[in-house]
Amino acid sequence: MKTYDLAIIGGGPSGASAAFEAAKSGLKTVIIEKEFLPRYKTCGGGFVFRGRKDMPFDITSAVEREFFDVDIRFEAKKMALNTKRKHPIISMIMRDEFDFLMVQKAQELGVELLQGQKLVALDFKHQLTTLTTTSHTFQAKFIIAADGALSPTAKLAGWEETRMMCPALEYEIKVPDEDFRRLSTSARFDIDVVPYGYAWSFPKKNHLSVGVGKFLKTKKGVDLKTHYKNYLTMLGITEVLEEQGHGFIIPNTPRTDGFVKQNVFLIGDAAGFADPLTAEGISNAIYSGKLAATSIVESELNLEKAIQLYDEKLNKKLLPELRLGVKLAGFFYENKTLRNILLKKHGQRAAEYMTDIFMGDRTYPHDFREKVKQKLKLSLF
Ligand SMILES: Cc1cc2nc3c(=O)[nH]c(=O)nc-3n(C[C@H](O)[C@H](O)[C@H](O)COP(=O)(O)OP(=O)(O)OC[C@H]3O[C@@H](n4cnc5c(N)ncnc54)[C@H](O)[C@@H]3O)c2cc1C
């Protein structure tokens with residue numbers, strides 16, 4: 001039976017990033033992907049600069065547009081903010097091309113790709129685990145679960161569900177030329193257009209990626225389809241020439257029952273690493289893939305050491321940032337009245353801060369509750 005150092009389940013950005021890092025250091029690595037690449041992935045395709053600037057290879061061929069400024073609008077306050085940077089704040093990609101490029105770069109380093117097959121069983125034995133897919137059986141010393149929000153691998157390895165799952169809809173639409181010209185000049189976020197969430201309009205080469213998402217768990221559901229239709233009206237779109245709609249979930253809080261079980265390491269959406277406030281998940285998917293792979297490489301294939309290293313690496317930056325993000329998202333989406341009082345006076349500063357986070361120049365403020373209290377006092381009195 002064929003044996004690998006590392007088997008990665010999922011050929012999205014997290015899996016491809018892990019594969020690239022592992023193969024760069026000489027690990028015998030395989031990616032199992034249930035679809036045939038390139039494949040459509042439900043996603044706005046807005047790739048923020050904090051992810052792009054750390055890419056280990058050029059991704060220009062997969063970038064459809066770049067935005068050096070973004071519009072953030074608060075519908076309830078009729079407030080429009082704009083931020084600008086020297087580098088592209090958001091690069092617009094289509095995930096079929098982008099993910100395929102990432103996997104090809106890993107293949108160039110010797111990674112094997114077994115596509116069109118699902119992982120269906122894991123059998124943990126001593127040093128090696130037997131993996132069964134819908135068409136192959138092989139063994140691996142380490143497994144990385146990069147199989148996205150539903151992560152069947154995490155279920156097979158014994159994880160319970162502890163992430164917060166947020167629903168989102170994505171529509172790839174073609175609109176008349178005049179509307180496209182008008183709307184393709186800016187990447188925009190419209191906060192509060194959806195309760196506890198936002199809507200976005202991300203221009204691609206020849207079409208718009210328009211979406212709506214609710215990013216906080218509430219007892220009452222939200223009719224996202226109706227909010228999407230209302231958003232089109234708000235954008236001034238009266239005619240949609242072509243429309244492909246897709247719905248999916250974004251896990252935007254990290255798991256609370258650990259990120260390694262047996263020899264299975266979780267990364268990306270499988271771990272719940274999307275940003276809790278913005279639900280932007282591509283950059284942390286890529287980053288966590290790199291962390292897991294380098295932990296395995298640096299451990300020299302020693303499981304205990306690799307687990308310890310992954311834990312240390314996650315706790316250095318990513319997990320503290322996500323935990324702060326969870327608190328901030330709670331405040332942002334739940335306390336709309338207070339938040340809007342603050343934004344009236346400090347809106348531009350808040351937008352600049354958020355943009356710095358997108359650029360990877362800053363992290364969420366550790367003392368945001370204190371800051372909010374102080375600013376609120378100043379705003380009210
Ligand atoms: C509507 C919507 C809009 C979004 N917009 C943005 C955005 O604009 N910007 C942003 O940064 N993030 C966005 N996100 C989040 C982003 O898409 C995810 O965070 C990101 O894709 C996570 O990457 P991943 O590699 O962890 O998982 P995925 O990209 O989901 O990749 C998982 C891969 O695993 C494969 N797989 C699954 N099960 C198996 C199996 N059993 N065997 C083998 N293979 C399997 C899948 O086919 C897939 O290719 C959005 C998400 C949604 C739902």
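**Close-up views of a predicted model**

**View 1. The loop that holds Pro38.** In this predicted model, Pro38 is found in the loop that runs between strand S2 (29–33) and strand S3 (46–48). The peptide bond leading from Leu37 into Pro38 is cis, and its omega angle is near -5 degrees.

**View 2. The loop that holds Ser151.** Ser151 sits in the loop between strand S11 (137–145) and helix H4 (152–156). The phi angle of Ser151 is near 25 degrees, which is a positive value in a residue other than glycine.

**View 3. A salt bridge between Lys2 and Glu112.** Lys2 and Glu112 form a salt bridge in which the closest N and O atoms are 3.0 Å apart. This pair links distant parts of the chain, since Lys2 belongs to the segment before strand S1 (3–9) while Glu112 belongs to strand S8 (residues 112–115), and the two residues are 110 residues apart. The structure as a whole holds 22 salt bridges.

**View 4. Domain 1 and domain 3.** The protein chain is divided into domain 1 (3–45 + 94–163 + 252–327), domain 2 (165–251) and domain 3 (329–380). The C-alpha centres of domain 1 and domain 3 lie 33 Å apart, and the contact between these two domains takes nine residues from domain 1 and 13 residues from domain 3. About 1000 Å² of area is buried between domain 1 and domain 3, with carbon and sulfur atoms giving 63% of this area. On the domain 1 side, the residues that lose the most area to domain 3 are Leu277, Leu324 and Lys327, which together account for 60% of what that side buries. The count of salt bridges between domain 1 and domain 3 is zero.

**View 5. The second largest pocket.** The second largest pocket has a volume of about 830 Å³, and its lining is made up of 31 residues, of which Leu343, Arg349, Ala350, Ala351 and Tyr353 lie nearest the centre of the pocket. The elements that give two or more residues to this lining are strand S5 (69–74), strand S13 (187–191), helix H9 (303–334), helix H10 (336–359) and helix H11 (368–380). Helix H10 gives the most to the lining of this pocket, with twelve residues.

**View 6. The lining of the second largest pocket, by class and by domain.** When the lining residues of the second largest pocket are sorted by class, 23 are nonpolar, three are polar and five are charged. When they are sorted by domain, at least three residues of the lining come from each of domain 2 (165–251) and domain 3 (329–380).

Definitions and conventions:
Residues numbered from 1 in each chain as written. Predicted model: local features only at pLDDT ≥ 70, side-chain atom pairs only at ≥ 80, totals over all residues. Heavy atoms only, no water. 1 Å grid on protein atoms, 1.4 Å probe; cavity = no way out; pocket = protein on both sides within 12 Å on 5 of 7 lines; lining within 4 Å. Points joined across faces, edges and corners; volume = space filled by probe spheres on them. Helix = DSSP H or I, 4+ residues; strand = E, 2+ residues; numbered from the N terminus. Nonpolar A, V, L, I, M, F, W, Y, C, P; charged D, E, K, R; others polar. Domains from an automatic or database assignment. Contact = heavy atoms within 4.5 Å. Buried area = accessible area lost by both parts, 1.4 Å probe. Salt bridge = Lys/Arg side-chain N within 4 Å of Asp/Glu carboxyl O.
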